[in-house]
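User: I would like to go through this model with you, one question at a time, and see how each conclusion is reached.

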Amino acid sequence: INPIAPGWYYQALAFAKWGVGDCAEGIQVMKKRPRLHPWDLRTLMVLQVCNGELEDARQTAAKHIEAEPDYTIKFYRERNTETWNSPELMERFVNDMLKAGMPEG
């Protein structure tokens with residue numbers, strides 16, 4: 001009912017849009033996020049890859065690397081493997097981050 005959704009709402013909705021392949025809409029949802037945190041940047045970059053916007057995804061990955069220079073795909077896997085209920089979706093997410101230019105570690 002609150003007309004001003006909390007910031008995490010946009011990331012969660014955009015992530016769901018990515019999961020079902022509605023990546024253009026997911027990007028539009030992320031644009032409503034007032035401030036992009038590193039976890040938002042990860043979601044945005046995979047949405048951009050999914051939507052065929054590879055150059056934008058690479059720019060988003062570069063922002064993420066600037067914000068968290070030691071963050072790698074290996075680190076992501078170590079911290080998130082058990083939080084995914086679908087290994088296939090996690091692999092898709094990881095592969096999209098790799099396509100965007102995130103370091104493997």
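User: Does leucine 36 count as buried, partly exposed or exposed?
Analyst: In this predicted model, leucine 36 lies in the loop between helix H2 (23-30) and H3. Its relative accessibility is 36%, and since buried means under 20% and exposed over 50%, leucine 36 counts as partly exposed.

User: How are H1 and H3 oriented relative to each other, roughly parallel or roughly antiparallel?
Analyst: Helix H1 (residues 7-19) and helix H3 (residues 38-50) pack with their axes 10 Å apart and at an angle of about 30 degrees. Because angles under 35 degrees count as roughly parallel, the orientation of H1 to H3 is roughly parallel.

User: Is the crossing of H1 and H3 left-handed or right-handed, and how do the residues of their contact divide?
Analyst: The crossing of H1 and H3 is left-handed. From H1 the contact draws on Gln11, Ala14, Phe15 and Trp18, while H3 supplies Trp39, Asp40, Thr43, Val46, Leu47 and Cys50.

User: How are H1 and helix H6 oriented to each other, roughly parallel or roughly perpendicular?
Analyst: H1 and helix H6 (residues 87-100) pack with axes 11 Å apart, at an angle of about 100 degrees. Since angles of 65 to 115 degrees count as roughly perpendicular, H1 and H6 are roughly perpendicular to each other.

User: How do the residues of the contact of H1 with H6 divide?
Analyst: On the H1 side the contact is made by Phe15, Trp18 and Gly19, and on the H6 side by Leu89, Arg92, Phe93 and Asp96. Taken together, the residues of the contact of H1 with H6 divide into 4 nonpolar, 1 polar and 2 charged.

User: Is threonine 72 buried or exposed, and which residues does threonine 72 touch?
Analyst: Threonine 72 lies in the loop between helix H4 (54-67) and H5, and at 15% relative accessibility it counts as buried. Its C-alpha is 9.6 Å from that of leucine 98, which is 26 residues apart from it in sequence. Not counting residues up to four places away in sequence, threonine 72 touches Pro103, Glu104 and Gly105.

User: Is asparagine 80 buried or exposed?
Analyst: Asparagine 80 lies in helix H5 (residues 73-80), and, leaving aside neighbours within four places in sequence, it is in contact with Tyr71 and Met90. Its relative accessible area is 18%, and because buried means under 20%, asparagine 80 is buried.

User: How many helices does the protein have, and what is its radius of gyration?
Analyst: The secondary structure comes to 6 helices and 0 strands, which read along the sequence as α-α-α-α-α-α. The C-alpha trace spans about 40 × 30 × 25 Å along its principal axes. The globule rule gives 13 Å for 105 residues, and the protein is as compact as a globular protein of that length, so its radius of gyration is close to that value, at 13 Å.

Key: Residues numbered from 1 in each chain as written. Predicted model: local features only at pLDDT ≥ 70, side-chain atom pairs only at ≥ 80, totals over all residues. Heavy atoms only, no water. Axes fitted to C-alpha atoms, helices over the stretch in contact; angles between N-to-C directions. Helix = DSSP H or I, 4+ residues; strand = E, 2+ residues; numbered from the N terminus. Parallel < 35°, antiparallel > 145°, perpendicular 65-115°, else oblique. Left-handed = near helix turned anticlockwise from the far one by under 90°. Contact = heavy atoms within 4.5 Å. Rg over C-alpha atoms; globule rule 2.2 N^0.38 Å. Buried < 20%, exposed > 50% of the residue type's maximum accessible area, 1.4 Å probe, protein only. Nonpolar A, V, L, I, M, F, W, Y, C, P; charged D, E, K, R; others polar.
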